[in-house]
Amino acid sequence: MNTDSSRRTTLTTPQRKNASMCQHQPLCPSADSADREAAQPVAHHPEQGWSLLCNGVLVFEDTGELLPDGQIIAPHRPLAATQVAKAA
């Protein structure tokens with residue numbers, strides 16, 4: 001029986017922050033910005049319901065978002081036209 005397995009170690013790589021994929025001029029808003037959804041898409045998969053923006057944000061068709069740090073932004077759809085109050 002081989003006893004070397006108890007001495008094995010697993011090498012791990014430290015996690016690093018995603019470098020911005022944005023190469024636009026001017027630069028797109030960062031994932032921390034309030035206008036983060038204005039960044040340019042680098043991958044668009046409407047058949048799966050999501051897009052990856054150049055700032056690392058995943059935007060879903062239900063308007064939810066997943067930020068690069070793992071934070072979840074709940075869907076924020078606008079009100080339907082029937083729910084909007086009309087001006088007098």
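Contact here means that heavy atoms lie within 4.5 Å of each other. On that basis, among contacts in the protein chain between residues at least 6 apart in sequence, 22% join residues at least 24 apart. The model is a predicted one, and its protein chain has 0 helices and 5 strands, so that from the N terminus on the elements follow the pattern β-β-β-β-β.

**Chain as a whole**

- The protein chain has 88 residues, of which 19% count as buried.

**Sheet architecture**

- The sheet is open and holds 5 strands in the order E1-E2-E3-E4-E5, with antiparallel pairing.
- Strand E1 (41-45) and strand E5 (72-73) are the edge strands of this sheet, each of them pairing on one side only.
- In a regular strand, side chains alternate between the two faces of the sheet.

**Strands E1 and E2**

- Strand E2, which covers residues 50-53, pairs with E1 in the antiparallel sense, and 4 bridges are found between the two.
- Within this pairing, alanine 43 has leucine 52 in E2 as its bridge partner.
- E1 and E2 form a hairpin with 4 residues between them, and in the turn glycine 49 has a positive phi of about 85°.

**Strands E3 and E4**

- Strand E3 (residues 58-60) and strand E4 (residues 65-66) run antiparallel and are joined by 2 bridges.
- For valine 59, the bridge partner in E4 is glutamate 65.

- Where does serine 51 lie? Serine 51 has its place in strand E2, the strand that pairs with E1 over 4 bridges.
- Is serine 51 buried or exposed? The relative accessible area of serine 51 is 12%, and because buried means under 20%, serine 51 counts as buried.
- The side chain of serine 51 is joined to the side chain of histidine 44 by a polar contact of 2.6 Å.
- Which residues are in contact with serine 51, leaving aside its neighbours within four places in sequence? These are Ala43, His44, His45, Val57, Leu58 and Val59.

How values were computed:
Residues numbered from 1 in each chain as written. Predicted model: local features only at pLDDT ≥ 70, side-chain atom pairs only at ≥ 80, totals over all residues. Heavy atoms only, no water. Pairing = 2+ DSSP bridges. Buried < 20%, exposed > 50% of the residue type's maximum accessible area, 1.4 Å probe, protein only. Polar contact = N/O pair within 3.5 Å; in protein donor to acceptor, adjacent residues only side chain to side chain.
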